[in-house]
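My entries follow in the order in which I looked things up.

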Amino acid sequence: MFSAVLMIICSSFTVLADPTKDIIGKWKIDQASIEGVAKSIINATKKSNPDKAQQLEEHIDILNQMLESMEFEYKADNTYEIQTPQGPQQGRWLFSADGTQLTVTRDGKPDRKDSVLEISPNKLKLINTERGDTTLFIRF
């Protein structure tokens, strides 16, 4: 009886995972997030290039397929690589001390600080601060 109570008490404490360990590996955008990400990309593109946004809207199926094919790899040396149809993109990543923000450094662009809603060994859910959309990534 005592050991059962002890197990219940011990299991009620949650050990916080280390997000820097959970993020290492390969990720894809979850199917349920594809449509929302595509719409956010189109809306963001409208601000800088309305003609290109119109083309994206006309070919939304191709945009969705491109998003589905993208692979994101976060490496232990705090670098990342994204495999896109246009070729690989690389940069650096870093979590805030409290693990609530993921800063992404990219060549030729300002750093982006995404809000981390969830991170586990199999799920990564972020709010993209540039587009304002929420994206769920799954490990593959």
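**Strand pairing and barrel**

I began with strands β7 (residues 123–127) and β8 (residues 134–139), which pair in the antiparallel sense over 5 bridges. I took two strands as paired if DSSP finds at least two bridges between them. Helices (H or I, at least four residues) and strands (E, at least two) are DSSP runs, numbered from the N terminus. Within this pair, I found K123 opposite I138 in β8.

The model is a predicted one, in which local features need pLDDT of at least 70 and side-chain atom pairs count only at pLDDT 80 or more, while totals for chains, interfaces and linings use all residues. Residues are numbered from 1 along each chain as its sequence is written, and side-chain values use heavy atoms, with hydrogens and water left out.

I then traced the sheet: 8 strands form a closed barrel in the order β1-β2-β3-β4-β5-β6-β7-β8, with antiparallel pairing. On average, neighbouring strands of this sheet are turned by 35 degrees against each other, direction ignored. Axes are lines fitted to C-alpha atoms, for helices over the stretch in contact, and angles run from 0 to 180 degrees between N-to-C directions.

**Overall composition**

I noted 5 helices and 8 strands in the protein, running α-α-β-α-α-α-β-β-β-β-β-β-β from the N terminus on. Helix α3 lies across β1 (25–29) and β8, at about 145 degrees to β8.

**Largest pocket**

I recorded a volume of about 1,100 Å³ for the largest pocket. A pocket is an open set of points on a 1 Å grid over the protein atoms alone, where a 1.4 Å probe fits, with protein on both sides within 12 Å along at least five of seven lines; lining residues have an atom within 4 Å of a point. Grid points are joined across faces, edges and corners, and the volume is the space filled by probe spheres set on them.

The lining has 33 residues, with I41, M70, Q89, K109 and R131 nearest the centre. Helix α3 (residues 31–48) gives the largest share of the lining, 5 residues.

**Residue Q89**

I placed Q89 in strand β4 (residues 87–95). Q89 counts as partly exposed because its relative accessibility is 42%, the class between buried (under 20% relative accessible area) and exposed (over 50%), with a 1.4 Å probe and protein chains only. Leaving aside neighbours within four places in sequence, I found Q89 in contact (heavy atoms within 4.5 Å) with Y80, E81, I82 and T84.
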